Amino acid sequence: MMTDREFTRALRRGLGSAVVELKNAENKAARRSALLRCCLRDISYDWQSEGTKGYYLYTAIRALGGEDFFEKPLIGRFLSRCPDRLFLQLAAILSCYAGDGSEAAKEAFHVKYDCFAGKNGRFIRNSSVDEGFQWDEVVFQLFAIDGFSAFKRYAADAGGILLRNPGEPAIWDDWFTDRAEGVFGKKRVAVFINKASGRSDAVKALADALKAGADSRARYQPGRETMTLSGLIQAVREAATGEYPYYKTVGFRRSFITNASDTEISELARAALREEDETVKALLLDMFRRRSFPLDITPLLDCARSDNELLAEAAIDCLKGVKEKRIHDLAIFLLTKPSRANLSALALLEKNYKKSDDPLIFAAVKKSGVSHGVQQAIRDIYRRHRSSGALPALLRVYRDGECSYCRRGIVEAMRHCGVLPADILEECLHDSYDDTRKFAQRLLARGANRC
């Protein structure tokens, strides 16, 4: 039996063990508060890659037998103003309620639609709340409730806003058409838009806005703009003097690297090695995320040992694609250095791993915790290499990692190494990530797990 802290921790990570705990709990009411808190707070790590955990939370609610207890507070929070990420989670939970026949949940989507439609395009838009985006999500949920009529109503309402307020971005890009085509088919959506445009000025306004957006995207070609090496270095120097220099150089990297010749790439590498300012050097080395470092790697070995974290990580990123004894020795040095636990060095072992590294890998993870980078590194090492000694590190990352998308890879790595425990496979049937559940279902259906 889990403690309250263990249960909440597992639930927030989307682990199937939390659902199994609810199914087997003798005093189910004791878990209500923890589950409700998670439902009313965004517990996703990255909803764009792993989803919202909405279906998972509804599964937990049903395992608890608490559908009636949870529905009213969930609807109340959904109808209030809330951040996008929480809104998506609540919408996913309530869509499950609606799918199971809840009239209150269906009505909540209608009420929220009317609220957004009545704003006449005057939506709140900031870093955490975009009501235009939320309106689009409500429409998508209404596709399952009202069918094609929900799409037709939205086309008329959104088009009407464009007619009254030319230039107002009443829709969230063209996601709603993409999602409508996924539900109803491209032909049916296109036929409606074409026919209705001849009868309705509102639908025509929407169709024209969508076409203008598509034409704009077709004209835009990422990386088309070019940047000279001298211009790149100057831009990097300016970025290095302010806050968040790495994020300020992403566009520079794209515009230079995409069009650079092999000669220019070599010149960039030489410029990076000559650079004395460590932050600038790091940002220049970071340009090689998508291109192999073309020169002798010896100077990078020293950079990877730097106390400047940005420089060390940039050098490690350049070296991780190289298979060589010196790289393995560097990884071991960094992972055992007592003054710091440089877990980014784990990435160096993807191509340079030895089975004798297992205890060191586990010790480093146990000592320093499981960041997203550690999840990715452990996943990649053991999906590439087989080892019966991999389980301690894999289990630690499986239980402590925040990203459920990466956790799917951890489970695959357990299977690849032949160390996937039966109880872990069983709880994966209730994991928050769809593909993890499907993976477990396939293995169990085939009787393929021999652990």
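**Close-up 1. Q141 and its contacts in a predicted model.** Leaving aside residues up to four places away in sequence, Q141 touches A91, S95 and F109. Welcome to this structure, which is a predicted model. You will find Q141 in helix α9, which covers residues 131-146. Is Q141 buried or exposed? With a relative accessibility of 12%, Q141 counts as buried, because buried means under 20% relative accessible area.

**Close-up 2. A cluster of rings.** F109, which is touched by Q141, also belongs to a cluster of aromatic residues. Ring pairs link F109 with F78, F87, Y113, F116, F123, W135 and Y154 in this cluster. How many aromatic pairs does the count come to? The count comes to 20 aromatic pairs.

**Close-up 3. The edge-to-face pair of F148 and F184.** Here the ring centres of F148 and F184 lie 5.0 Å from each other, with 90 degrees between the planes. This aromatic pair is edge-to-face. F148 belongs to helix α10 (residues 148-164) and F184 to helix α11 (residues 175-184), so to speak of the pair is to speak of a link between distant parts of the chain, 36 residues apart. Both of these residues, F148 and F184, are buried.

**Close-up 4. The edge-to-face pair of Y353 and Y382.** Take a look at Y353 and Y382, whose ring centres are 5.6 Å apart. Their planes stand at 75 degrees, so this pair is edge-to-face. Y353 sits in the loop between α22 (349-352) and α23 (358-368), while Y382 is in helix α24 (residues 372-384), so the pair ties together parts 29 residues apart in sequence. Y353 is buried, at a relative accessible area of 10%. Y382 is buried too, and its relative accessible area is 0%.

Close-up 5. What does L346 touch, not counting residues up to four places away in sequence? Its contacts are L335, I361, V365, V374, A377, I378 and I381. As a general background, nonpolar side chains in soluble globular proteins tend to be buried together.

**Close-up 6. Charged ends over rings.** The charged end of R32 sits over the ring of F69, at 4.4 Å from the ring centre. In a second example, the charged end of R305 sits over the ring of F333, 5.1 Å from its centre.

**Close-up 7. The largest pocket and its lining.** About 970 Å³ of space lies in this pocket. Its lining has 34 residues. Which of them lie nearest the centre of the pocket? They are E313, D317, S344, G373 and Q376. Helices α18 (278-285), α20 (309-319), α22 and α24 each supply at least two residues of the lining.

Close-up 8. T8 is part of helix α1 (residues 4-13), and it is buried, with a relative accessible area of 19%. T8 touches A34, R37 and C38, if residues up to four places away in sequence are not counted. In helix α2 (residues 16-24), the buried residues include G16, S17, A18, V19, E21 and L22. The buried residues of α2 pack against α1, α3 (32-39), α5 (54-64) and α27 (422-427).

Methods:
Residues are numbered from 1 along each chain as its sequence is written. This is a predicted model: local features need pLDDT of at least 70, side-chain atom pairs count only at pLDDT 80 or more; totals for chains, interfaces and linings use all residues. Side-chain values use heavy atoms; hydrogens and water are left out. Contact means heavy atoms within 4.5 Å. Rings of Phe, Tyr and Trp (its six-membered ring) pair if their centres lie within 6.5 Å; planes under 30 degrees apart count as stacked, over 60 as edge-to-face and the rest as tilted. Helices (H or I, at least four residues) and strands (E, at least two) are DSSP runs, numbered from the N terminus. Buried means under 20% relative accessible area, exposed over 50%, partly exposed in between (1.4 Å probe, protein chains only). A charge sits over a ring if NZ of Lys or CZ of Arg is within 6 Å of the ring centre and within 35 degrees of the ring normal. On a 1 Å grid over the protein atoms alone, a cavity is a set of points where a 1.4 Å probe fits but cannot get out, and a pocket is an open set with protein on both sides within 12 Å along at least five of seven lines; lining residues have an atom within 4 Å of a point. Grid points are joined across faces, edges and corners, and a volume is the space filled by probe spheres set on the points.
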